[in-house]
Amino acid sequence: MRAMVYRGPYKVRTEEKERPAIEHPNDAIVRVTLAAICGSDLHLYHGMMPDTRIGHTFGHEIIGVVDEVGSSVQNLQVGDRVMIPFNIFCGTCWYCARGLYSNCHNVNPNATAVGGIYGYSHTTGGYDGGQAEYVRVPFADVGPSRIPDWMADEDAVLLTDATATGYFGAQLGDIVQGDVVVVFGAGPVGLVAAKSAWLMGAGRVIVIDHLDHRLEKARSFAHAETYNFTEYGDIVLEMKKTTDWLGADVAIDCVGAEADGNFLQHVTSSKLKLQGGSPVALNWAIDSVRKGATISVMGAYGPLFSAVKFGDAMNKGLTIHTNQAPVKRQWPRLFEHVRNGYLKPSELVTHRIPLEHIAEGYHIFSAKLDGCIKPLVVPSAA
Amino acid sequence: MTYTPHKPPLAESPEQLRARIPGWGVDLDPKDRPSVPKLQFQEDFTGAHWEFPERQPERYPRERSPEHGMLTPVFGTAQPPSGVSGAIRRYAYRYSEGRTAHWLLLVLGDRVDAWEHHLKSLLTLHPDNPVTETGVKAEFTHHGLRSRVGQHRTDLKHQVLDPVIVGGPWIAAAGAAYAGARRVSRSLARAGSDGHRPVH
């Protein structure tokens, strides 16, 4: 089959690879019809995630058609059109039993601090991902769902991570009616988090980024006020000014490990790999909120330490909520929101990249060319 | 305002927000938020029909975090460790995730792995090509210049480092290979001229 493979930092290509096989009775093999490149894939692409092996196939936002099922699979059949949450999870460990699917303890031997994720290095379990013609789907009775007939493919693929993560991020903000919510990062997750903040009753939603085309999308897609932080000497001070010196009630970090805005922080993390991530957005979030506020961290960080201003967080009495999104837990309610037109994930798609042009796709997304917000990957056999 | 008990007023009332934003407030009640509260026992186990799943066969000694009490019943089998990088990685898994050594050894393993594969690829019909594999062609097909000029982008300050990160090691390796070849060639030439030295 054809598959994207990692060849080292900033280098990927499409090559011929063996079709995945059933390795466990509850595995399925899915023929991928549409995948996406996630902002967090760029951390792998830039060589920031420890134990990212040469030859690894990325891709954790996947939809497709079931091509083969293992002997114990009961809930899926060959030919089913399915959407696959980015979490690989068993359904019955201590965490899964309590709905923390992203923290499953039965799928990632390499680390206990993170669950299993498709195509996201060996630190998340060593599973090849879905930027390929076929993908192995463990626990097929638990993870994937049939795509409802009314749902478009592009909505479905964005529900497998970006939309669910943004929606989950807003929930972790514990928003109450009238809250001022500041979202750092206007990528797909930030845009959905901003829109979701309104669904939860926010009184004001502010989105901060440095890319004008993304801020334009924040205004049109998420009805948000926007700030380009490069236009202000000090974005934290600006947030204090605009909130009558109180600070925001809730901040959501949707940037993560490669935050810009501080050259030293960015270079020591993204380029020199001396930190788990550049916590610029997180530090701005800590300083932009009022005392006693809540911060939701949706941006992905690597497992190494990062220079976070924890003293300010402690002294301000902040509540910090974090986690990878347990995607499937979000779906029933998200399906309603998509069907009612409150959320339109496919509006975030800007590029459709043929699998054979994967290197160009990663470069466009990484270098933020051509107004790119969300690139999809279309396998040759789709 | 901040210095009094009152919260600063909002520009729009709930009615105005409801009229302007489709779906405003539909998840106002925490009961409508699927991840509130965080821990909720899932009676249906999300479709699982086991309490502990069957075990996937372990076809090679699978590396695992020492913070796990056992090998997880299911695991990825992509890219088993091999070569020098594989030895480094296996060594890294002696340390817990709480030890910096664990992660730094894995980062070292990644860099060694890249070089092992770059060198191996030179012996194949499909050698690594830093030009095609970086996708820089997109600079010309997807408005590389227009995407940067006149924009308020702060990432341009460090994007100039990207070619150094990608190309630097290749240039350094080519320089080292050249220097090595030159040294060998000089040694051979010296040995040759020594061979013609008259014996007294």
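M48(A), P50(A), S269(A), K273(A), Q275(A), G276(A), G302(A), P303(A), L304(A) and V107(B) form the lining of the largest cavity. The model is predicted. The largest cavity has a volume of about 50 Å³, and a search of the whole structure gives two cavities of 30 Å³ or more.

**Cavities**

- The lining of the largest cavity takes in residues of chain A together with V107(B).
- By class, the lining of the largest cavity has five nonpolar residues, four polar ones and one charged one.
- The second largest cavity has a volume of about 30 Å³.
- Around the second largest cavity lie N103(A), C104(A), H105(A), N108(A), A111(A), T112(A), V114(A) and G115(A), together with H68(B) from the other lettered chain.
- The lining of the second largest cavity divides into three nonpolar and six polar residues, with no charged residues.
- Rolling a probe the size of a water molecule over the atoms shows where empty space is left.

**Overall form of chain A**

- Chain A contains twelve helices and 17 strands.
- Its radius of gyration is 20 Å, close to the 21 Å that the globule rule gives for 382 residues, so chain A is as compact as a globular protein of that length.
- The C-alpha trace of chain A spans about 60 × 40 × 40 Å along its principal axes.
- Of the 382 residues in chain A, 73% are buried.

**Helix α5(A)**

- Helix α5 of chain A runs over residues 188–199, and its twelve residues should span 16 Å at 1.5 Å a residue; the end C-alpha atoms are 17 Å apart, which agrees.
- The helix is mostly covered, with twelve of its twelve residues buried.
- Among the buried residues of α5(A) are K195(A), S196(A) and W198(A), as well as P188(A) and L199(A).
- An α-helix has 3.6 residues a turn, so residues three or four places apart point the same way.
- After α5(A) comes G201(A), which has a positive phi near 95°.

**Annotated span**

- Residues 188–259 of chain A are 43% helix and 22% strand.
- The end C-alpha atoms of that span lie 15 Å apart.

How values were computed
Residues numbered from 1 in each chain as written. Chains lettered and ligands numbered in written order. Predicted model: local features only at pLDDT ≥ 70, side-chain atom pairs only at ≥ 80, totals over all residues. Heavy atoms only, no water. Helix = DSSP H or I, 4+ residues; strand = E, 2+ residues; numbered from the N terminus. Expected span 1.5 Å × (residues − 1). Buried < 20%, exposed > 50% of the residue type's maximum accessible area, 1.4 Å probe, protein only. 1 Å grid on protein atoms, 1.4 Å probe; cavity = no way out; pocket = protein on both sides within 12 Å on 5 of 7 lines; lining within 4 Å. Points joined across faces, edges and corners; volume = space filled by probe spheres on them. Nonpolar A, V, L, I, M, F, W, Y, C, P; charged D, E, K, R; others polar. Rg over C-alpha atoms; globule rule 2.2 N^0.38 Å.
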